[in-house]
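Trainee: Could you take me through one part of this model closely? I'd like to look at the charged side chains and how they pair up.

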Amino acid sequence: MRTDDASARPGPRSSARRGAPAFAGAPQRLAAFPPRTPLPTAPVPATGAWRPGDEPGDRKFVDVGDLDLESGQLLPDVTVAYETWGELDADASNAILVLHALTGDSHVSGPAGPGHRSPGWWQDMIGPGAPIDTDKYFVVAPNVVGGCQGSTGPASDAPDGRPWGSRFPDVTVRDQVAAEIRLAEALGVRSWRFVVGASMGGLRVLEWALLGPEHGIDVAAIGVIASGAQTTGDQIAWAHPQIAAILADPGFRGGDYYDAPDGEGPHVGLGIARQIAHATYRSAVELDQRFGRIPQGGEDPLRGGRYAVQSYLDHHAHKLALRFDANSYLALTQSMLTHDLGRDRGGVEHALSLVKARALVVAVDSDRLFLPADCARLARHLPAAAPLRVLRSEHGHDGFLIEFDQLGPIVTEFLATEAVRGR
């Protein structure tokens, strides 16, 4: 259930400002002490979603038509936003699909700029000469359906011209992959050399390994990083208060908040959800060693001030509220919670046994969201899996966004092996 901006990590003494609010719009606490004076902060928009008329940046768009959902509902006129790097070979044999995590998007590689609030979330992995070498491969990264960065989601306009909001139907991981299959067909891709993703992206990778061939699109190899075959009880438990935080925000307005003035949307609830989630993305060892009980700058925790680790979480809460959408957070979280690769396929082990693609499975040893045991289960039951690879990291789940010195060579080696096998 991971995102993309792990690189933005202010240290204990950075961004220290006495009197700064916990995050923009949050209520002041500890009323027994004199309230801290908030510094001027621009009101947070009701949504950070990309909307038609906004700068597209490097996004491209394809209309994939109506989508019949697993729920029995119809999602009409679906658009998928995506980005590409490199060139597709004449025989269309060099395509790689990259699938993002919970609050990621299609901007996998490239600078921040108009249309893109953040630089690419896997910059060191994709590009000329990178482990996924765009001089060799045609790389495609879609924004997931239900997301908020160009693909159809709750912030998109419904047929009546108003944002879907509370009316947006439930989408599953299989629904999302069904839309991505249509994207592949539109791009003329009939086979993927490699389908790779981490966290939420890894869920879609596994579905691609089964659904792709069923729809005539070959999947030669997959890479599943810090992910699993079904959501665990622990993950459901951590997600529950995140969902509750958003639903309890008065600015959420039942999901129909898109016409709310800046500063009156559900950014507080979304920020709290992000804080809960972010604590699961890092390890206890890192948080204690990096922050411990250090106060934030000149603030005094005995006088209503924050510890540095609280400031760190406030920073990520505010940052997400500026670039994401609360309804999309709910929709995508729900799609993860309901995911089970083995549903209607005879259970997880049987479903994994049906995967024909060669598989790379990578765990992070300190991951407390997708445990290494979740990854080991995949490597054990995927018939053509290479031995499990493990990143050694103090960063927890976020290791897949940070430990490029380890992950890069693993992917390079795997793709080189696949190139030899494919000759």
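How many salt bridges does the structure hold?

Mentor: The structure holds 18 salt bridges, a salt bridge being a side-chain nitrogen of Lys or Arg within 4 Å of a carboxyl oxygen of Asp or Glu. Keep in mind that this is a predicted model, where local features need pLDDT of at least 70, side-chain atom pairs count only at pLDDT 80 or more, and totals for chains, interfaces and linings use all residues. Residues are numbered from 1 along each chain as its sequence is written, and side-chain values use heavy atoms, with hydrogens and water left out.

Let's start with Glu 70 and Arg 174, whose side chains meet in a salt bridge at 4.0 Å, N to O. Glu 70 sits in the loop between strand E1 (60-68) and strand E2 (74-85), while Arg 174 belongs to helix H1 (residues 173-187), so this pair ties together parts that are 104 residues apart in sequence. (Helices, H or I with at least four residues, and strands, E with at least two, are DSSP runs numbered from the N terminus.) Arg 174 is buried at 10% relative accessible area, whereas Glu 70 is partly exposed at 37%; buried means under 20%, exposed over 50%, and partly exposed in between, with a 1.4 Å probe and protein chains only. Both residues also belong to a network of salt bridges that links Glu 70, Arg 174, Glu 207, Arg 343, Asp 344 and Arg 345.

Arg 204 lies in helix H2 (residues 200-214), so here the tied parts are 24 residues apart in sequence. Both Arg 204 and Glu 180 are buried.
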